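Open the model in your viewer and keep the sequence panel beside it. The stops below are given in the order in which to select them.

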Amino acid sequence: MAETGLLSATDVAVGYGGEPVCAPVTLSVEAGTAVALVGPNGAGKSTVLQTMVGLLPPLAGSVTFAGRPVDERAADFRRAVAGVLDDDAFFPSLTGEEHLLLTARGHGVVDAEQVVADQLAAFGLTERAGALPTQLSSGQRRRLALAGVLVRPARLLVLDEPERRLDTAMRRSLADRLAALVGTGVAVLFASHDPAFIGTLADRVLVVGDDACPVVAPADAVAALQEG
């Protein structure tokens, strides 16, 4: 059965070299909702995310954004979708602040300097704003990458374990901020291992597995994660 939503996948097989890494995925992410992907390490969560945004071709099935086949090269898709799938997607010669300003201005953000300053402060990076990416710790680079998707407008955020390498307070703050964005109509698709993060943000959860990829309620997924 076809799914309809801002981002939709119908019977999508994901994998490499013609070999699927998990069961087929059927999923719809509507505007103003957040969908989490859960599963053990190696289950295929990252591969699903990369396929959903066109970085990998599906082995079978179809993925659409706003009713059109996903094409990550299309300008309108790039304007509408922001993601963190790689911590190291930075311009090596730009400081963190310069990177964020370039992103914000490139997307027409009004008062880009203030928006960037606010995100640097929210991620605890103000004192490191003038550092090059290579001069930042892995945790600081993670925070910079997340700031990069929040300094610009987007209809959809796609995040691979956004809580990774964040302390408890920062995880809580990020989950709350993303939930607030969802309340304004932004859609969020994210992979996570953190029950509290999922409980705060997700409206539905896709369980990535070998035999099936069911969509379940967040409370059920959180309970399963807490049980180990």
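Predicted model: local features only at pLDDT ≥ 70, side-chain atom pairs only at ≥ 80, totals over all residues.

Residues are numbered from 1 along each chain as its sequence is written, and side-chain values use heavy atoms, with hydrogens and water left out. Helices (H or I, at least four residues) and strands (E, at least two) are DSSP runs numbered from the N terminus.

Strands count as paired if DSSP finds at least two bridges between them. Now zoom in on strand 6 (residues 60-65), which pairs with strand 7 in the antiparallel sense over two bridges. Here F65 stands opposite R68 of strand 7.

Axes are lines fitted to C-alpha atoms, for helices over the stretch in contact, and angles run from 0 to 180 degrees between N-to-C directions.

**A helix pair.** Select helix 3 (residues 96-106) and helix 5 (residues 138-150), whose axes are 9 Å apart at an angle of about 20°. Helix 3 is therefore roughly parallel to helix 5 (angles under 35 degrees count as such). Show side chains for G96, L100 and T103 of helix 3 and for L144, A147 and G148 of helix 5, which make the contact (heavy atoms within 4.5 Å).

**C22.** Go to the loop between strand 3 (19-20) and strand 4, where C22 is found. C22 is buried, with a relative accessible area of 7% (buried means under 20%, exposed over 50%, with a 1.4 Å probe and protein chains only). Leaving aside neighbours within four places in sequence, C22 is in contact with V14, A43, V48, V208, G209, D210 and C213.

**Helix 8.** Finish at helix 8 (residues 218-227), whose buried residues are P218, A221 and V222. Viewed down the axis of helix 8, its buried residues fall within an arc of 100°, so they line one face (the arc is that of the directions from the helix axis to the C-beta atoms). What covers them includes helix 7 (195-201), strand 11 (204-207) and strand 12 (215-216). Turn to the face away from the buried side for the exposed residues A219, D220 and E227.

Definitions and conventions:
Parallel < 35°, antiparallel > 145°, perpendicular 65-115°, else oblique.
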